[in-house]
Amino acid sequence: MSLLPELRYPSVNELVSSARALAAHRPILCTFRQVGSSRAGRPLHLLSVGHARRAVLVVAGAHANEPTGGSTLLALAERALHDCELRSGVSWHFLLCADPDGASLHVTPAPRSLLDYHHGFYRPAGPEQPEWSPSVLPPDRLPPETRALTGVIDELRPYLQVTLHGTDVGGSWVQLTKDIPGLAEPFAKSAAELHIPVETGASDAAGWPASGPGVHVMPAPGSDAAYPSMPDDARHSTWYHAHRYGGLTAVVEVPMWASDLVDDPAPHPAPAAAIRRLACRLLRDSLEVELVLADALPRLEGAEGPLLRAARWALELVPGLAADWTHTPPADTTMAYVGSVDAFGRRLPLRAAAMLLRVLRETDDRAAPRLEHLVAAWSDAFMDRFRARWVPLENQVEHQARTVVAAARHAREGAPRRG
């Protein structure tokens with residue numbers, strides 16, 4: 001009998017309750033403990049299954065707006081608990097939620113549409129994200145969530161860290177800090193069986209080498225970035241912390257809504273011109289949000305908080321990113337890449353508008369209806385342009401879990417042994 005809740009996006013409290021139940025069910029095999037606290041004092045918990053010195057660390061909840069990872073983590077924990085082969089010579093460790101403060105602000109019940117999703121949207125500003133903060137903050141200013149995560153890595157020295165991420169509209173892809181030979185085949189097979197497109201030209205991995213469709217290997221630190229203006233360089237994130245122990249990190253992305261527009265490897269007829277048009281739209285849409293913000297700011301005195309900081313952070317990224325798209329040759333020239341850039345360009349102003357809307361609603365500000373119209377119109381246009389279809393949550397979870405297991409098995413061959 002499964003000890004897990006029904007398959008849906010669990011809250012942090014439900015994650016904790018389920019993890020405790022799993023640990024209590026097999027106390028000799030499992031441990032459950034607190035490994036840190038958030039800025040607001042919320043606990044960070046680690047569930048461990050097995051006692052082997054070779055370790056896999058799975059991290060969920062690094063981005064509050066990517067809820068699938070919590071469900072996947074629970075499914076993997078139960079699988080590791082009951083599958084002797086899976087934990088043969090390997091211990092599995094699960095950081096339940098890397099950002100519990102962020103999770104308390106993003107609301108994901110059972111979204112019926114992209115508009116539902118954005119009505120409860122929250123994604124922290126870069127310096128407040130536990131995995132990204134080392135790329136934008138000096139070491140003495142890192143948030144406690146980041147220090148807890150790196151502390152767990154220092155303790156476990158995992159040969160593989162997997163961080164569970166997701167996207168709203170698009171496909172599935174994997175980002176690796178080192179290549180895992182053999183991973184691309186089971187990743188692609190799983191995606192095909194579960195009817196999830198593979199994002200072959202992910203803008204998040206622009207210019208990175210690929211070891212297979214949708215499996216991207218990060219360039220070494222010091223390599224030129226495809227988008228020079230972006231401050232949060234993945235090569236300075238916590239993803240690289242495992243390297244000091246000979247390990248690596250795999251970032252497994254899965255979509256809530258799927259689109260085949262990001263899975264088309266055909267050459268785009270005019271990629272540079274298309275991306276310049278997307279840059280112009282990005283600037284135009286962001287200006288609409290900035291005008292609402294400028295109008296409302298005098299009435300928002302005292303309303304400064306994480307939602308407003310995050311909205312302003314997203315808007316501040318726009319001018320540099322638009323310049324990158326306008327003046328830098330495309331990192332990829334496929335239809336899939338242009339589609340991924342299109343989606344990226346829609347997300348930034350939409351997310352900023354959604355978070356600002358939540359602030360305006362809380363203060364009953366007169367600018368809220370204008371922003372409500374933008375969020376609704378842009379959400380509908382996003383869904384229509386990408387012909388987006390809902391991916392059943394069980395498929396999101398199964399694909400992410402299969403990819404994690406495949407990564408653990410293939411990475412193990414080259415993992416260092418610990419004495």
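This is a predicted model: local features need pLDDT of at least 70, side-chain atom pairs count only at pLDDT 80 or more; totals for chains, interfaces and linings use all residues.
Student: How do I read a strand, and which way do the residues of β3 point?

Tutor: In a regular strand the side chains alternate between the two faces of the sheet. Strands here are DSSP runs of E with at least two residues, helices are runs of H or I with at least four, and both are numbered from the N terminus. In β3, Ala55, Leu57 and Val59 point one way, whereas Val56 and Val58 point the other way.

Student: Which strands does β3 pair with?

Tutor: Two strands pair if DSSP finds at least two bridges between them. β3 and β4 run parallel and are joined by 5 bridges, and Leu57 has His93 as its bridge partner in β4. β3 also pairs with β5 in the parallel sense, over 4 bridges, and there the bridge partner of Val59 is Thr163.

Student: What is the handedness of the unit made by β3, α2 and β4?

Tutor: A crossover is called right-handed if, with the strands pointing away from the viewer, the path from the first strand over the helix to the second runs clockwise. The β-α-β unit of β3, α2 and β4 is right-handed.

Student: How do I read a helix such as α5, and what covers its buried residues?

Tutor: One can compare the span of a helix with an expected value, which is 1.5 Å times one less than its number of residues. Helix α5, residues 144–156, has 13 residues and reaches 18 Å from its first C-alpha to its last, close to the 18 Å expected. Its buried residues include Glu145, Leu149 and Ile153, and among the elements that cover the buried residues of α5 are β3 (55–59), α3 (100–105) and β5 (160–170). Just after α5, Arg157 takes a positive phi of about 50°.

Student: What is a salt bridge, and how many does the structure hold?

Tutor: Side chains of opposite charge can pair when their charged atoms come close. Here a salt bridge is a side-chain nitrogen of Lys or Arg within 4 Å of a carboxyl oxygen of Asp or Glu, and the structure holds 20 of them. In one of these, Asp101 pairs with Arg42, the closest N and O atoms being 2.8 Å apart. Asp101 lies in helix α3 and Arg42 in the loop between β1 and β2, so this pair ties together parts that are 59 residues apart in sequence. Asp101 is buried, with a relative accessible area of 11%, whereas Arg42 is partly exposed at 34%.

Student: Which other salt bridge links distant parts of the chain?

Tutor: The side chains of Arg79 and Glu398 meet in a salt bridge at 3.2 Å, N to O. This pair links helix α2 (residues 68–82), which holds Arg79, with helix α11 (residues 393–412), which holds Glu398, and the two residues are 319 residues apart. Arg79 is partly exposed, with a relative accessible area of 28%, and Glu398 also counts as partly exposed, at 24%.

Note on methods:
Residues are numbered from 1 along each chain as its sequence is written. Side-chain values use heavy atoms; hydrogens and water are left out. Buried means under 20% relative accessible area, exposed over 50%, partly exposed in between (1.4 Å probe, protein chains only). Contact means heavy atoms within 4.5 Å.
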